[in-house]
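This report looks at how two protein chains are built and how they meet. Please view the structure first, then read on.

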Amino acid sequence: MNVLEIFRTGLEAVVTHRLRSALTVLGIMIGITAVILTVGLGEGAQQQVSSQISALGSNLLTVTPGSTTSSSGIRGGFGSASTLTVGDAAALTSGVVAPDINAVAPATTASESMVAGTANWTATVVGTNTSWLTVRGRSMTEGQFIAGHDLSTRADVVVLGATTAQELFGFRDPLGQTVNIAGQPMSIIGVLNTVGTSSSSSTSSNPDDQAVVPLTTASALLFGGSSRNSVSQILIQARSAGTLSAAYQEADAELLSLHGITSAASADFTITSEQQVLSTATSVDKTLTVLLGGVAGISLLVGGIGVMNIMLVSVTERIREIGLRKALGATPRVIRRQFLVEASVLGSVGGVLGAGLGLLGAAVLPHFISDKITISPVATVGAIVVAIGIGIAFGVYPAGRAARLAPIDALRSE
Amino acid sequence: MTTSDHTDHRSHGSHADTAEVWMENTGTYPLVRPPVIDADEVWKTYRNGSLEVDALRGVSFKIRSGEYVAVMGPSGSGKSTLMHILGCLDVPTSGTFHLAGEDVSTMSEEELAHVRNRRIGFVFQQFNLLASMPAWRNVELPLLYAGVDRPERKRRALEALDRVGLESRVDHRPGELSGGQQQRVAMARALVTDPDLILADEPTGNLDSVSANDVLGLLDELHRSGRTIVLITHEADVAQAAERTMRIRDGQILGEQLADSAAASR
């Protein structure tokens with residue numbers, strides 16, 4: 001009996017028991033659909049996160065005061081007595097000690113109230129130098145950014161974020177206008193581009209709602225206090241994403257030596273990179289994908305057990321048929337193959353239909369939910385292969401039982 | 001017998017070849033041929049836990065080609081066990097059993113399946129037709145396992161159905177046929193491979209007397225055309241249809257007798 005005939009016989013049995021076959025196929029189908037959609041959702045989320053973060057500039061390092069240690073968590077006081085100074089930032093700009101660093105922007109930040117005419121608004125004021133625009137990866141919609149002479153003359157100039165500008169001036173042009181920041185009149189020389197709200201990354205505040213002033217102006221006039229030379233963070237841009245870790249090493253070594261610290265464990269500053277954030281976010285998404293995929297996998301397993309159950313019922317129910325076929329000359333091998341064909345037909349039909357439904361879902365669902373679903377062809381083909389595999393794997397035992405049935409016992413059963 | 005003999009027989013089992021054998025046998029009684037069945041001191045012991053039951057206790061007999069033999073005995077006499085051994089559905093515990101010259105007592109399950117397929121045509125009390133298939137598909141089933149191709153299977157199935165007088169019912173499913181017609185489909189299935197032996201196990205047990213006579217008439221007709229038939233029954237009047245009756249009780253053959261008609265014809 002050739003393969004084609006065995007296949008035909010198996011297929012015939014599937015068609016004869018239509019309802020039962022359809023229900024079994026449904027189990028496999030749901031499992032495959034679930035796998036494809038959950039894996040697609042997970043991959044979609046990963047892509048979304050990585051594209052968001054790469055937009056922030058992945059060759060950015062941020063130095064913050066204080067330190068974190070693996071055992072005791074955050075150590076040192078943020079802001080109260082900042083250990084970072086303008087001098088630290090200046091040292092890092094040296095091409096000799098830090099050849100892999102492209103630009104350095106020290107920054108002090110404070111929340112200040114601003115008044116323009118009758119409008120009143122509170123936003124983050126950032127005191128920084130000319131490199132900030134490059135390091136942050138921002139651009140201007142109008143006017144200019146802070147220039148070198150603004151820093152040296154402690155000029156009373158300010159660059160506003162788009163949201164801040166709108167809150168203070170509505171639809172009027174803010175350029176050339178004056179705004180009082182902490183009681184100090186400052187003239188507006190430019191407006192920053194809009195980047196939109198980003199939920200992740202180290203910029204905890206809205207990047208569109210801030211006012212940027214020269215660092216010298218900020219320390220002398222606005223924030224005042226004892227720590228005039230201290231900054232709340234130093235932003236470092238590496239020459240490229242590839243030299244990020246070299247830049248990290250250089251900044252770390254230079255700051256340790258400047259602060260006279262010998263052991264890296266007792267450092268009074270922390271350097272974080274956007275890549276760390278990226279990899280954390282990605283690993284979180286991966287965990288989620290694995291979790292969802294696991295749940296979907298379980299439903300696939302349940303589908304497989306369904307195939308086995310149905311095949312076992314089928315063997316018991318068709319005990320006379322099997323006995324008759326054996327009496328008429330079917331060898332155990334032929335019977336085993338017939339049942340394996342039946343099981344794998346159920347599996348593969350379920351797999352193909354499930355993949356179809358999954359692809360349909362991936363096309364339709366994003367219109368109803370905000371999440372992106374990315375279908376990978378490998379996962380889809382893999383799911384179909386797995387479904388066929390499940391059909392065969394869970395069909396082996398029932399098929400073996402059918403093959404082992406003694407023809408007399410089978411014929412005798414009523 | 002060796003494997004090459006198996007394949008040999010199969011390849012020669014073509015229709016034209018066997019048709020010659022029929023003609024040679026028609027109307028005459030066996031020439032010099034090996035007996036279809038040669039059982040020698042066949043024992044069959046069933047073991048059920050620690051309990052051993054001897055279903056057959058040293059049964060020896062021969063059935064020649066072209067004979068029509070009834071095996072008669074009450075239930076529990078061992079006639080079902082004997083039928084299973086005759087039908088190669090089971091092997092003896094001890095003793096030898098030859099079917100058409102082949103020793104089947106030592107065969108593997110795989111080999112037994114081939115022997116059943118080639119040499120034996122079964123007719124069961126319960127008909128044992130597959131309900132989902134039309135009559136001709138049921139009849140072609142043994143040919144499927146013999147590896148015959150599809151057009152040839154259909155041709156021979158239709159021929160066999162024609163022979164049992166069901167040429168107008170080939171596309172009917174078993175459920176659409178009467179009991180007598182279903183048993184005739186089963187007989188067509190038994191004939192289709194052109195077997196050495198037709199083994200009928202209580203073929204009239206589930207039929208009314210008209211259909212029963214119909215089936216017995218068909219068996220008789222097959223016998224007259226040269227077929228070797230073993231009929232297993234517990235009814236004396238059914239056994240009357242055969243030319244020789246073996247009585248079996250408690251796993252042993254008590255004796256045999258020739259039927260009146262057969263005795264008269266000799």
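The side chains of B:Glu109 and A:Lys326 form a salt bridge, at 3.2 Å from N to O. A salt bridge here is a side-chain nitrogen of Lys or Arg within 4 Å of a carboxyl oxygen of Asp or Glu. Side chains of opposite charge can pair when their charged atoms come close.

This is a predicted model, in which local features need pLDDT of at least 70 and side-chain atom pairs count only at pLDDT 80 or more, while totals for chains, interfaces and linings use all residues. Residues are numbered from 1 along each chain as its sequence is written, chains are lettered from A and ligands numbered from 1 in the order in which they are written, and side-chain values use heavy atoms, with hydrogens and water left out.

**Where the chains meet**

The rule finds four salt bridges across the interface of chain A and chain B. Across this interface there are also eight residue pairs in polar contact, with both residues at pLDDT 80 or more. A polar contact is a pair of N or O atoms within 3.5 Å; within protein, one must be able to donate a hydrogen and the other to accept it, and residues adjacent in sequence count only if both atoms are side-chain atoms.

On the side of chain A that touches chain B, at least two residues each come from helix H1 (3-16), helix H10 (319-327), helix H11 (332-364) and helix H13 (407-412) of chain A. Helices (H or I, at least four residues) and strands (E, at least two) are DSSP runs, numbered from the N terminus. H10(A) gives the most to this side, with six residues. Sorted by class, the side of chain A that touches chain B holds 12 nonpolar, five polar and 10 charged residues. Ala, Val, Leu, Ile, Met, Phe, Trp, Tyr, Cys and Pro count as nonpolar, Asp, Glu, Lys and Arg as charged, and the others, Gly among them, as polar.

In total, 27 residues from chain A and 25 residues from chain B take part in the contact, where contact means heavy atoms within 4.5 Å. The size of an interface is often given as the accessible area lost when the parts come together. Between chain A and chain B the buried area is about 2,300 Å², and carbon and sulfur atoms give 58% of that area. Buried area is the accessible area (1.4 Å probe) that two parts lose on being put together, summed over both.

A network of salt bridges links A:Glu5, A:Arg8, A:Glu12, B:Arg137, B:Glu140 and B:Arg153.

**Salt bridges within a chain**

Over all chains, the count by this rule is 27 salt bridges. One of them joins the side chains of A:Arg318 and A:Glu342 at 2.8 Å, N to O. This pair links distant parts of the chain: A:Arg318 lies in the loop between helix H9 (274-317) and H10 of chain A, and A:Glu342 lies in helix H11 of chain A, 24 residues apart. A:Arg318 counts as buried at 5% relative accessibility, and A:Glu342 is buried with a relative accessible area of 4%. Buried means under 20% relative accessible area, exposed over 50%, and partly exposed in between (1.4 Å probe, protein chains only).

In chain B, the side chains of B:Arg119 and B:Glu102 meet in a salt bridge at 2.8 Å, N to O.

| Salt bridge | N to O distance |
|---|---|
| B:Glu109 and A:Lys326 | 3.2 Å |
| A:Arg318 and A:Glu342 | 2.8 Å |
| B:Arg119 and B:Glu102 | 2.8 Å |

Chain A contains 13 helices and 12 strands, and 47% of its 414 residues count as buried. The accessible surface of chain A is about 18,700 Å², with 61% belonging to carbon and sulfur atoms. Accessible areas come from the Shrake-Rupley method with a 1.4 Å probe; for residues, only the protein chains shown count as cover.

Chain B contains 10 helices and 10 strands, and buried residues make up 51% of its 266 residues. Chain B exposes about 11,700 Å², of which carbon and sulfur atoms supply 49%.
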